[in-house]
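Welcome! Please take a look at the sequence and the 3D view below, and then read on for a short briefing on charged pairs and the nonpolar core.

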Amino acid sequence: MGLKEEFEEYAEKAKTLPENTSNENKLILYGLYKQATVGPVNTSRPGVFNQRDRAKWDAWKAVEAKSKDDAMSDYITKVKQLQEAAASS
């Protein structure tokens, strides 16, 4: 299985993570997902009155130096970590 296929598999698995997954971890996954699928940030930062979208944008901006392949690998690793944490709790 290639990296892209494995990434797509873990993107599906991420949808089944427990609801109590922290916002911090959700933002990390969001940033890595956007970097892996879109590449570097291509929109302007949302305004201060839109905190949710601003946090998502910041999470994506934080990983913009990663290549798409690195972002995919890191995303897979993060989903695995969160699955293991959920299984052990």
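A residue is called buried under 20% relative accessible area, exposed over 50%, and partly exposed in between (1.4 Å probe, protein chains only). By that scale Lys4 is partly exposed, with a relative accessible area of 47%. Please keep in mind that this is a predicted model, in which local features need pLDDT of at least 70 and side-chain atom pairs count only at pLDDT 80 or more, while totals for chains, interfaces and linings use all residues. Residues are numbered from 1 along each chain as its sequence is written, and side-chain values use heavy atoms, with hydrogens and water left out.

**Salt bridges**

- Side chains of opposite charge can pair when their charged atoms come close.
- A salt bridge here is a side-chain nitrogen of Lys or Arg within 4 Å of a carboxyl oxygen of Asp or Glu, and the structure holds seven of these salt bridges.

**The pair within helix α1**

- Lys4 joins Glu8 in a salt bridge, at 2.9 Å from N to O.
- Both residues sit in helix α1 (residues 3-14), and because they are four residues apart there, about one helical turn separates Lys4 from Glu8.
- Helices are DSSP runs (H or I, at least four residues), as are strands (E, at least two), and they are numbered from the N terminus.
- Glu8 is partly exposed, at a relative accessible area of 41%.

**The pair between helices α1 and α4**

- Lys80 and Glu6 also meet through their side chains in a salt bridge, at 3.8 Å from N to O.
- Lys80 belongs to helix α4 (residues 68-88) and Glu6 to helix α1, so this pair ties together parts that are 74 residues apart in sequence.
- Lys80 counts as partly exposed at 33% relative accessibility, and Glu6 is partly exposed at 24%.

**The pair of Asp74 and Lys66**

- In the salt bridge of Asp74 with Lys66, the closest N and O atoms are 2.6 Å apart.
- Asp74 is partly exposed, with a relative accessible area of 30%, and Lys66 is partly exposed too, at 29%.

**The nonpolar core**

- A nonpolar core is a set of buried Ala, Val, Leu, Ile, Met, Phe, Trp, Tyr and Cys residues joined through side-chain atoms within 4.5 Å.
- Which residues have the most contacts inside the largest nonpolar core? They are Phe7, Leu29, Tyr75 and Val79, in a core of 15 residues.
- Helices α1, α2 (23-37) and α4 are the elements that give two or more residues to this core, and α4 supplies the largest share, six residues.
- Leaving aside residues up to four places away in sequence, Leu29 touches Leu17, Tyr75, Lys78, Val79 and Leu82, where contact means heavy atoms within 4.5 Å.
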